[in-house]
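Take a walk through this fold with me.

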Amino acid sequence: GRTMKERSILGELLSWLIYIVIVVILSLGIITFIGQRTKVSGHSMETTLSDGDNLIVDKISYRFRDPERFEIIVFPFQYEEHTYYIKRIIGLPGETVQVIDGYVYINGEMLDENYGLEVMDDPGIAAEPITLGEDEYFVLGDNRNHSSDSRDPSVGVLHRDDIMGRAWIRIWPFDKFGVIKHE
């Protein structure tokens, strides 16, 4: 018969196998109902997120609370199927947003933030004040001069229903694995 040592190795392998199967099933369940994997394409969120980063999107938080300023959110691009945009919330419902001399103003006051890599060259539709409705959000990419965002008429302001969720965990590349900071 098998030695005790062989049996314990087999037992350990089996328990690892069961553990891995459980983790995979749980992950699939979580991804289906709570999170969704999405890939960053392009440079519009640098240096926070980079081209090729893989993220899990938290689809559940916003069922219980409102999106907050500076959170990084994911939403589908309306003109292209399976294309998602990842941007940072800048303007909240009821606020008036305007870009003056490359800086964001909320209700007439300059927003104290340092996400933008540089001053915005193009205010787009935010050259004029935009007053957001009760379920509308104004979003910008961190790489302000290389981002299609709420300044662009093809994106415009987002409605609450448009928001798929918030960027939650970066799963690739491995050296940057972890929860994404929103502050």
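Two strands pair if DSSP finds at least two bridges between them. Strands themselves are DSSP runs of E with at least two residues, and helices are runs of H or I with at least four, both numbered from the N terminus. The model is predicted, so local features need pLDDT of at least 70 and side-chain atom pairs count only at pLDDT 80 or more, while totals for chains, interfaces and linings use all residues. Residues are numbered from 1 along each chain as its sequence is written, and side-chain values use heavy atoms, with hydrogens and water left out.

Begin at strand S5, residues 96-100. S5 pairs with strand S6 (residues 103-106) in the antiparallel sense, over 4 bridges. Val 99 faces Val 104 of S6 across this pairing. Val 97 has Ile 106 as its bridge partner in S6. The two strands make a hairpin, with 2 residues between them. Asp 101 sits in that turn and has a positive phi of about 50°.

S5 also has a partner in strand S8 (residues 130-131). This pairing is antiparallel too and runs over 2 bridges. Here Thr 96 stands opposite Thr 131.

Now widen the view to the sheet.

Val 97 and Val 99 make up the covered face. Thr 96, Gln 98 and Ile 100 make up the uncovered one.

Next, look at Asp 58, which belongs to strand S2 (residues 54-58). Is Asp 58 buried or exposed? Asp 58 is buried, because its relative accessible area is 4%; the cut-offs are under 20% for buried, over 50% for exposed and partly exposed in between, with a 1.4 Å probe and protein chains only. A polar atom of the Asp 58 side chain lies 2.9 Å from the backbone nitrogen of Ile 60.

Turn to the pockets. A pocket is an open set of points on a 1 Å grid over the protein atoms alone, where a 1.4 Å probe fits, with protein on both sides within 12 Å along at least five of seven lines; lining residues have an atom within 4 Å of a point. The largest pocket has a volume of about 300 Å³, volume being the space filled by probe spheres set on the points. Of its 19 lining residues, the closest to the centre are Lys 39, Ser 41, Tyr 84, Tyr 85 and Ile 86. Strand S1 (35-39) and strand S4 (84-91) are the elements that give two or more residues to this lining.

The second largest pocket has a volume of about 180 Å³. It has 14 lining residues, and those closest to its centre are Tyr 103, Glu 113, Asn 114, Gly 116 and Arg 144.

Finally, the whole protein. It holds 1 helix and 12 strands. The C-alpha atoms fill a box of roughly 85 × 30 × 30 Å along the principal axes. Of the 183 residues, 39% count as buried.

Notes:
Polar contact = N/O pair within 3.5 Å; in protein donor to acceptor, adjacent residues only side chain to side chain.
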